[in-house]
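Please look at this chain with me.

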Amino acid sequence: MTDESPTDSPCTSTDDSSDQNGRLVADGGGTDDPSSASEQGDSDGDGPRESITEGSLVRPLFHLAWPIVTIQLLQVTYNIADTLYLGRLSSEAVGALSLAFPLIFLMIAVAGGFTTAGAILVAQYTGAEGETSAGKVVGQTVSVVSVLSVVIGAVGYLYTRPALKLLPSDPDTSAQVIPLAADYMEVIFIGIPMMFGFFVFSALMRGYGDTKTPMYIMVVSVVGNIALDPFFIFGFENNPLLGAVNATGVESTLLSATGFTGWGIEGAAAATILSRAVATVIGMYLLFGTDIGPDVSVSDLAPDFGFIEDIVRLGLPSMVEQSMSALALIALTGIVVTFAPAVVTAYGLGNRIISLVFLPAMGLGRAIDTMVGQNLGADREQRAAKSVYLAAATAAGVMLTVAVVSVVFTKPIVSVFLGDVERAAEVISFGVDYLRIRSVEFAFIGITQVLLGAFRGAGNTKTAMVISICTLWVGRVGTVSLLVFGLGWGATGVWVGMAAGNTFGAAVAVPWFLRGTWKEKYIDDEETAPTEPTAPSAVSGDGPSEPVED
């Protein structure tokens, strides 16, 4: 990357609270006392920005979290756009998305753990003023995940249909829903390297303290997806977008000229891949071709086995965690597909709505892993702990409010996602029950996500892995299996069992966190010692040491 600053550090001095790119900066000096911080205006006139390791906790948490929430909202917008358009195609197409997601997630999880590891290392090196080491981590993470994404795409494409055949589905679901899921998944796997590129960019920039740049790129990508979806799905026949703007005459003319009637569910996948590719290209250009982000160059892509070892050591537990999460979703899907298509569709529809509810908790959880990582990197353990308490209380309060709204307005919320299609009333009825029951766990979702973020930020990825496995396999899959097969609760057993997951997860995570054994950073102080007297923020390091795990 070409950095116009005179040193390896993006900061102009050691006590500035923001760099020339407007990111939140980890100040190297000072104490845990928030009153010791100072605020500086950034060079581009955006106004004051707070340091992650100095000053107020509320403001940096907010500045980190709101772009993450926005990014996740935009991510959900991908799914919502697909659901809204495919809901106009058929209810089976909506059900196919719910079947496809866990299998795609399983493959993504293999590389996702190493993306998480890269973000953790970038955060801790940045907190310790290790700009050079942070840049090296970026290059190595991009290389590792790029190779994995190609392998994952090939394997996923080849094994999509055999994997779906293993699901013990209802006969109608097998005939009407599973083939559509296979069509969707094959297109996604062809383009999965393009999806991974932006995931890596977003995670690494978050560890660096810049959550706004990925947000801006995500806006471009989502707008592209929303614009492409109706044309790729419907073509010029019964296109809902053209119908909404009273352009049916234009639609008829285009249909006569091209004969294009869309690609159906495969069109939704193609729109997602193309729009993701745009985000990946922009993100990689900014990372390697500009002074945005850590000081990284193309030469940093060459394998450095010391850093790769650290990425693998931290990433393997995260990979197992995410893979086990994906397998839990597959297990739950295997249970759900034994029901009629209306239940399958309601399950998928409800999960997509809950993914919106999940956003505040997700944002705070991902913001807190950066705050914990940078504060532990700067040897500010008490400040790291205080930030976790603040985030957990905020998440619980916000999610409780969302739960009340969800219960009061359940039916209108569910109804908006289905058009006048077959079995719509039955699907809505099941969806209403599902959302109301799941609302019981919303506050616990907030607490669990923040505490998992804290463990990850500290480098305790094994701890996060164990808690996630307990949440999903014991609290959720175990409870659903008991209620459905053991007690014969039917669809209600699925809804209640799903709500039990994060409730159980919070019960495990809270006492584990209160032990305080997570307050150890992953990197060594010796490995982040300054190497250039003129660049106080630039440090060297051959890689982090063994983590201290609970």
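Glu54 and Arg380 are both buried, where buried means under 20% relative accessible area, exposed over 50% and partly exposed in between (1.4 Å probe, protein chains only). The two form a salt bridge, with the closest N and O atoms 2.8 Å apart. A salt bridge here is a side-chain nitrogen of Lys or Arg within 4 Å of a carboxyl oxygen of Asp or Glu. Glu54 sits in the loop between strand S2 (48-49) and helix H1 (58-87), and Arg380 in the loop between H13 and H14, so the pair ties together parts that are 326 residues apart in sequence. Helices (H or I, at least four residues) and strands (E, at least two) are DSSP runs, numbered from the N terminus.

This is a predicted model: local features need pLDDT of at least 70, side-chain atom pairs count only at pLDDT 80 or more, and totals for chains, interfaces and linings use all residues. Residues are numbered from 1 along each chain as its sequence is written, and side-chain values use heavy atoms, with hydrogens and water left out.

**Salt bridges**

The count of salt bridges comes to 10.

| Pair | Closest N and O atoms |
|---|---|
| Glu54 and Arg380 | 2.8 Å |
| Asp369 and Arg206 | 3.8 Å |
| Arg456 and Glu321 | 2.3 Å |

Arg456 lies in helix H17 (residues 442-457) and Glu321 in helix H11, so this pair ties together parts 135 residues apart in sequence. Arg456 counts as buried at 18% relative accessibility. Glu321 is buried too, at 5%. Elsewhere, Arg161, Asp183 and Glu186 are linked in a network of salt bridges.

**Helix packing**

Two packed helices are described by the angle between their axes and the distance between the axes. Helix H6 (residues 192-208) and helix H13 (residues 359-377) pack at about 45°, with their axes 8 Å apart. Axes are lines fitted to C-alpha atoms, for helices over the stretch in contact, and angles run from 0 to 180 degrees between N-to-C directions. H6 and H13 are therefore oblique to each other. Angles under 35 degrees count as roughly parallel, over 145 as roughly antiparallel, 65 to 115 as roughly perpendicular and the rest as oblique.

Arg206, Gly207 and Tyr208 in H6 meet Arg366, Asp369, Thr370 and Gln374 in H13. Contact means heavy atoms within 4.5 Å. Asp369 and Arg206 also form a salt bridge, and both are buried.

Thr345 is found in helix H12 (residues 341-357). Thr345 is buried, at 4% relative accessibility. Leaving aside neighbours within four places in sequence, Thr345 is in contact with Ser91, Val94, Gly95 and Val427.

**Loops**

Asn238 has a positive phi of about 55° although it is not a glycine. Asn238 lies in the loop between helix H7 (212-234) and helix H8 (240-244), and counts as exposed at 63% relative accessibility. Asp379 also has a positive phi, near 60°. Asp379 is in the loop between H13 and helix H14 (381-408), and is partly exposed at 39%.

**The whole chain**

There are 19 helices and 2 strands in the chain. Of its 550 residues, 60% count as buried. Residues 24 or more positions apart account for 80% of the contacts with a separation of 6 or more.
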